[in-house]
Amino acid sequence: MGVTDELLKVDGLVVSFATEEGEVEALDGVDLAIREGSFHGLIGETGCGKSVTGRSIIRLLDNNAMIKAGKILYKGEDLLKLSERQMERRIRGNEIAMIFQDPSSSLDPVFNIRSQMAEVVRMYHNARRESYDAIIAEALRSVRLPDVESLMHKYPHQLSGGMKQRVMIAMMLACNPHLLIADEPTTALDVSIQAQFIKVLRELKEELQMTVVYITHDLAVISELCDHVSVMYAGRIVETSAMRELFKNPVHPYAHKLLNSVLGVQTNLDDLAEIPGTVPRLINPPKGCRFHPRCDQATEICGRERPPFVALDDDHHVACHTR
Amino acid sequence: MPALLDVIGLTKHFPSPSGAVRAVDGVDLQIHRAHTYGLVGESGCGKSTLIRTIQRLLEPTSGQIIYKGQDIAAYKRAQLRTLRKEMAMVFQDPHMSLNPRMTVFDILARPLQIHGIARGKDALTLRIVHLLQKLGMQSEHLVRFPHELSGGQKQRIGVARALAVEPDIIFLDEPTSALDVSVQTKILKLLENIRKEWELTYFYISHDINLVRVVAEHMGVMYLGKIVEVGRTEDILRDPHHPYTVGLLQAVPEPDPDKPLGELQLGGEVPSPVNPPPGCNFHPRCPHAWDVCSQMEPELRMLSAEWSVACHRYGDDARAAPSR
């Protein structure tokens, strides 16, 4: 992977949380390289650390989180070295924006859409107050929302989940960021609304050349949108590759099982792969490869040493001793 | 053979300041013994209300629920207790449906005691351990509290609680939607094995067509309080007839990069059940709607012995209307 086209590079990121039971290492050395203009999927099960990775990039972690090691290089600059004030002024909104799973809790119920978006426009646009409405309408139209003039004067409770999520995207577009982090944006939506949302994102991708880190547990959504995918397991990236390559040729045993446990048009329950055991609790993670207790190909070394993240080719990296 | 459960014209309306919320609005369905039925629909279509009303956890507004030949919609309060032993339910979110202050033993002992199936600590323990083993758990879990269990283990307890009373029919409300995919497969396989062994009848509700595809022999599609299409799962998924079913199937993304979502037929959003559109509920979103659709409500008509659709395109009046 050429260094020049990397917009974001996460290097050996370690994040832990202080909890009542002790320190939980949510991320244990995460490496990611996001190319300019790409849709990069981050997939994994509950608690694998995908949301923590997203929130670390934009530095919106909870108070009990500690970033213990690593770098987050955005356009070559380490975001972890910036002050909170610099993050707020220069990075959040201007450069990197994030949308969350539940649009209902991301919008303020006591302000109408126009005033919430006007705040964004005031902060991120050098525009006269008279032109706010035009900018807001334009942003709302770009996510294919109908009847934007009346929509602007509505309150969040008057909109459906799908519309609220599109308003969130419009708000994010109004900041005009280079990088969008989308954390399970369609999980709370119905399939028909999700399908409309996917279409809008696909069109925006072509129009705006946006770079997106797309966090989800849904492989089907990844296959609709992403060019690259990283698979996470128990706080580590286990495999990164081009999206098509991962679907065709998953190398890590976990990635392989995950792909085969997804409900698709297979009609037979017996064909679905099972992964024995459960996701380990990170308060006391397994030694060596964290997947080894559930892996049917594990050998002695897997329980002893952490597998290095090695390149199979320029575009395909995997952390597994059996390869 | 008569159906185990025969629901006829069931409605459940909730009062609201702006008029009745027609959550379930004239539903007919039959479920046969030892079969699995899957009901698919988007959020707010009334599927959860429907299965709660069938179980008399909600009072039906009108309609009949013929269960083993008796209309349980007319049951008095005292008669409901026998029903609670025959119909059980597995809830969507195992994190919310288990009492956090009760141990696994207490959670599973409750239904056994209430229905007098087992009495005394020894008899209860014996039965509960047997149940746990059936679900791939061990006696060491007896003393655990829900927060000490993983999501998959919690849902196994949810299933064990439903099985404890040895019901005839189990209603499963999105039993795997709160679980990760790797856990989902195991729960589904476990449920299927138990169903075969105990000859149980399952009634799944889900928003996930792919889930219904793998578990259910027969399926129904619900939209805004009504069933719009019902039949063998295989038939409907191969050749959906109702425009809503067609649209819904098109909107489901495939986990295959070579099969991207095509042109979407299903635009707009589900209207409010307080003031549903006249005629066919679906006509404002339907790409094939013609005049009659906004005037007359289509009945559920049989296409074949096991396949019915509520759409004017397949009715007698279709001849008079423009070709599709």
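This is a predicted model: local features need pLDDT of at least 70, side-chain atom pairs count only at pLDDT 80 or more; totals for chains, interfaces and linings use all residues.

Mentor: Happy to; here is the interface, followed by a few places elsewhere in the two chains.

First, the ground rules. Residues are numbered from 1 along each chain as its sequence is written, chains are lettered from A and ligands numbered from 1 in the order in which they are written, and side-chain values use heavy atoms, with hydrogens and water left out.

Now the interface. Chain A brings 40 residues to the contact and chain B brings 37 residues, where contact means heavy atoms within 4.5 Å. About 3400 Å² is buried between chain A and chain B, and carbon and sulfur atoms give 56% of that area. Buried area here is the accessible area (1.4 Å probe) that two parts lose on being put together, summed over both. On the chain A side, Val191(A), Leu263(A) and Leu269(A) supply 20% of the area that chain A buries against chain B, more than any other three residues.

The polar side of the interface is worth a look too. Between chain A and chain B, 16 residue pairs are in polar contact, both residues being at pLDDT 80 or more. A polar contact is a pair of N or O atoms within 3.5 Å; within protein, one must be able to donate a hydrogen and the other to accept it, and residues adjacent in sequence count only if both atoms are side-chain atoms. The rule also finds three salt bridges across the interface, each a side-chain nitrogen of Lys or Arg within 4 Å of a carboxyl oxygen of Asp or Glu. Lys199(A) forms a salt bridge with Glu263(B), and the closest N and O atoms are 3.9 Å apart.

Which elements of chain A touch chain B? H7, helix H8 (191-208), helix H9 (219-225) and helix H10 (243-248) of chain A each supply at least two residues of that side. H8(A) gives the largest share, nine residues. Helices (H or I, at least four residues) and strands (E, at least two) are DSSP runs, numbered from the N terminus.

Asn176(A) is exposed, with a relative accessible area of 58%; exposed means over 50%, buried under 20%, and partly exposed in between (1.4 Å probe, protein chains only).

At 17% relative accessibility, Ser142(A) counts as buried. A polar atom of the Ser142(A) side chain lies 2.7 Å from the backbone oxygen of Ala139(A). Leaving aside residues up to four places away in sequence, Ser142(A) touches Leu173(A) and Leu204(A).

Finally, turn to chain B, whose mean pLDDT is 92, with 97% of its residues at 70 or more. Read residues 319-324 of chain B with care: their pLDDT is below 50, and beyond near neighbours in sequence this stretch has four contacts in the model. In helix H1 (residues 47-54) of chain B, six of the eight residues are buried, so this helix is largely enclosed by the rest of the structure. Among the buried residues of H1(B) are Leu50(B), Ile51(B) and Ile54(B). Just after H1(B), Arg56(B) takes a positive phi of about 65 degrees.

Key. pLDDT is the predictor's confidence in each residue, from 0 to 100.
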